[in-house]
Amino acid sequence: MRNLTPHSIRVCNPDANGTVLVTVPPSGQIARVSTHTLENGSVLANGQPVPVFTVKTGEVTGLPNEQTPDCPYCRQIGGVGQFDTICSEHGKANGYAETYLVSLAVRLAVPDRRDVFSPGELIRDGNGQPVGCIGLAGN
């Protein structure tokens, strides 16, 4: 798995003690998604008008093209989101030659990609800073 975020991602077990399963260091390549912001009126907050914006996602950059899974079995299951299946022939998740760890915004901008994952539920320290995540989220 290649981490396309600027941060090391500590992926933890969902058990009670949150044991770190793996830390995925940044690869040096960052996937990003552009946004377009349009003003869409206003709402009142404590008697003051506050502008409201609509944010639309745009182009994703820094994310390599999806590779077709290596074997027919992997191609069959790869499109239905069975992420826990490891191809016995290739030893890769869903048979993809490469999988990518990206931000939630990037993952949501490419909903048809089965080789893209983002951090799962965040674990925060006493100051509210993220220190890890519970598993990964996929499309």
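What is the accessible surface of the chain, and what percentage of this surface belongs to carbon and sulfur atoms? In this predicted model, the accessible surface comes to about 8600 Å², and 51% of that area belongs to carbon and sulfur atoms.

**Figure 1. Overall arrangement of the chain.** The secondary structure consists of two helices and eight strands. Read from the N terminus, the elements follow the order β-β-β-β-β-α-β-α-β-β. The chain has 139 residues, of which 27% count as buried. Of the contacts between residues at least 6 apart in sequence, 44% join residues at least 24 apart.

**Figure 2. Surroundings of Arg113.** Arg113 lies in the loop that runs between α2 (104-109) and β7 (116-124). Because its relative accessible area is 12%, under the 20% cut-off, Arg113 counts as buried. The side chain of Arg113 reaches the backbone oxygen of Pro64 at 2.9 Å. Beyond the neighbours within four places in sequence, the residues in contact with Arg113 are Leu63, Pro64, Asn65, Glu66, Tyr100 and Asn139.

**Figure 3. The largest pocket.** The volume of the largest pocket is about 390 Å³. Its lining comprises 24 residues, and those closest to the pocket centre are Thr5, His7, Ile9, Ser103 and Pro119. Two or more lining residues are given by each of β2 (9-12), β4 (32-45), α2, β7 and β8 (130-138).

**Figure 4. Composition of the pocket lining.** Strand β8 provides the largest share of the lining of the largest pocket, with five residues. By residue class, this lining divides into 15 nonpolar, six polar and three charged residues.

Conventions: Residues numbered from 1 in each chain as written. Predicted model: local features only at pLDDT ≥ 70, side-chain atom pairs only at ≥ 80, totals over all residues. Heavy atoms only, no water. Helix = DSSP H or I, 4+ residues; strand = E, 2+ residues; numbered from the N terminus. Buried < 20%, exposed > 50% of the residue type's maximum accessible area, 1.4 Å probe, protein only. Contact = heavy atoms within 4.5 Å. Areas by Shrake-Rupley, 256 points an atom, 1.4 Å probe, with all protein chains shown as cover. Polar contact = N/O pair within 3.5 Å; in protein donor to acceptor, adjacent residues only side chain to side chain. 1 Å grid on protein atoms, 1.4 Å probe; cavity = no way out; pocket = protein on both sides within 12 Å on 5 of 7 lines; lining within 4 Å. Points joined across faces, edges and corners; volume = space filled by probe spheres on them. Nonpolar A, V, L, I, M, F, W, Y, C, P; charged D, E, K, R; others polar.
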